[in-house]
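Hello,

Here is the structure I promised to pass on to you. Please open it next to this email, and then read on for what was found in it.

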Amino acid sequence: MFFPGRVRLAILVLTGGVAAATGVAASVGCGTVVDEQLVLDRDLSCAGTALIVRNPRTVVQLNGHVIESSRSCADGAPPAGIAIESSADGAQILGPGLIRGFKSGIGIADAARVQVRDLRISNTCANAVFIVGSRDVRIRNLILHRNGASALHAESAERLRLEASDIFLNGSASESPSPAVDLSGCVDCRIATNRITHNRGAGIHLDVESHGNDVERNVVLDHRPHDVVDEGSDNTFVLNTFERGDGVSPPALEPLTADPGPAAPGVVGCGVMADILGPRRTGTVACPQDPGLRGLRNSVVAYRLLLGSTLYGGDCDTPQILPAGSSRGGAVRCTNPSPIWNLILEVTCCLN
């Protein structure tokens, strides 16, 4: 079993000798301590921590490559794919690229002004991003999905920013799943313009020690038992879309207020596809194939029927979910059950 409180120590523990790497397009191995700048030139499959960021202003570019654990969760996956230590002030971790299979994808311990952008982190044993004791961390344009616990878990963080990210299908490793975005002792943090859907735990959780935070323009839907839980004080919720709240009242369901992203998913990101179904009409909305980086396919993350800006009946009548194939992405086929109203079939597509 993984205990988040231990990560503060675990992400800094390395085994065996490590190499230092500097320069552009450097050929590196697992356990490399990055000196100043690193542009990956190949995928990495590691039995331990893949990269260690220790120096100020270090820049790591995944350059479209994959960093993955060679050991499963049951076999003792490494504590972190990329470990960012307290001395790495101003470090940057940049995509596009994929991190998967570690206990945590990225661990940030007591560091300041770290930036993480344009990455996909999936299939971790616990948290996609784990932050403890850090300040002014900025996270933007991430896809965080199918992780065992939280997409983002932050403890004792100040001025954390999580923006414009897609967070879905997290919390699979526990019968009592963690919140997708879990803030513990966060002060003056900002969670904005994210799409947080279909996670097993709550969508966003702020504990009793979290205060003075802004939660703005997020779409947080389809969580049990609550989309948003606020146990703290002086937290501000503005222009969010959610249906079930604890400690904060949900607004009337209005058109989506977060940035909907591109009309079709790109190499890194999600997109919302839509079609109008006439009364009793049947239609299909297909997620397009992504022909870009590494030939990744797009698949269905969520779908719903809308009458104007409000939900209609929750689900399609006799929906059919089609998996991603070699020539097209996944799709949803629905029949409009209404005899008089035109309905909108909205489908969210993300990289699978």
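A word on terms before the tour: a residue is called buried when its relative accessible area is under 20%, exposed when that is over 50%, and partly exposed in between, with a 1.4 Å probe and protein chains only. Helices (H or I, at least four residues) and strands (E, at least two) are DSSP runs, numbered from the N terminus.

Please keep in mind that this is a predicted model, in which local features need pLDDT of at least 70, side-chain atom pairs count only at pLDDT 80 or more, and totals for chains, interfaces and linings use all residues. Residues are numbered from 1 along each chain as its sequence is written, and side-chain values use heavy atoms, with hydrogens and water left out.

How confident is the model?

The predictor's confidence in each residue is its pLDDT, on a scale from 0 to 100. The average pLDDT of the protein chain is 83, and 81% of the residues score at least 70. Residues 1-19 stay under 50, and the model gives them 32 contacts beyond four places in sequence (a contact means heavy atoms within 4.5 Å). Residues 22-26 are also below 50 in pLDDT, with 13 contacts beyond near neighbours in sequence.

The strands

Let me start with strand 11, residues 104-109, which is mostly covered: 6 of its 6 residues are buried. Strand 11 has partners that run parallel to it. With strand 8 (residues 80-84) it pairs over 4 bridges, and there Ile82 stands opposite Ile106. Two strands count as paired if DSSP finds at least two bridges between them.

Next comes an open sheet of 8 strands, in the order 4-7-10-13-16-19-22-25, with parallel pairing. Its edges are strand 4 (44-46) and strand 25 (219-221), each of which pairs on one side only. On average, neighbouring strands of this sheet are turned by 5 degrees against each other, direction ignored. For such angles, axes are lines fitted to C-alpha atoms, for helices over the stretch in contact, and the values run from 0 to 180 degrees between N-to-C directions. Inside this order, strand 13 (residues 120-122) is joined to strand 16 (residues 143-145) by 3 bridges, and Ile121 has Leu144 as its bridge partner.

For an antiparallel example, look at strand 30 (residues 282-286), which pairs with strand 34 (residues 331-335) over 5 bridges. Ala286 stands opposite Ala331 there. In a regular strand the side chains alternate between the two faces of the sheet. In strand 30, Gly283 and Val285 make up the covered face, while Thr282, Thr284 and Ala286 make up the uncovered one.

The disulfides

How many disulfides are there by the distance rule? The count comes to 2, taking a disulfide as a pair of cysteine sulfur atoms within 2.5 Å.

One joins Cys30 to Cys46, with 2.0 Å from S to S. The torsion about this S-S bond is about -85 degrees, so the disulfide is left-handed. Cys30 sits in the loop between strand 1 (20-21) and strand 2 (32-34) and Cys46 in strand 4, so the pair ties together parts that are 16 residues apart in sequence. Cys30 is partly exposed at 38% relative accessibility, whereas Cys46 is buried at 0%.

Another joins Cys73 to Cys125, with 2.1 Å from S to S. Here the torsion is about -100 degrees, so this disulfide is left-handed. Cys73 lies in the loop between strand 7 (66-69) and strand 8 and Cys125 in the loop between strand 13 and strand 14, so this pair ties together parts that are 52 residues apart in sequence. Cys73 is partly exposed at 43%, and Cys125 is buried at 14%.

A buried asparagine

Finally, please look at Asn194, in the loop between strand 21 (190-192) and strand 22 (195-197). Asn194 counts as buried, at 0% relative accessibility. A polar atom of its side chain lies 3.0 Å from the backbone oxygen of Leu162, and a polar atom of the Asn194 side chain lies 3.2 Å from the backbone nitrogen of Ala164.

Happy exploring, and best wishes

Note on methods:
A polar contact is a pair of N or O atoms within 3.5 Å; within protein, one must be able to donate a hydrogen and the other to accept it, and residues adjacent in sequence count only if both atoms are side-chain atoms.
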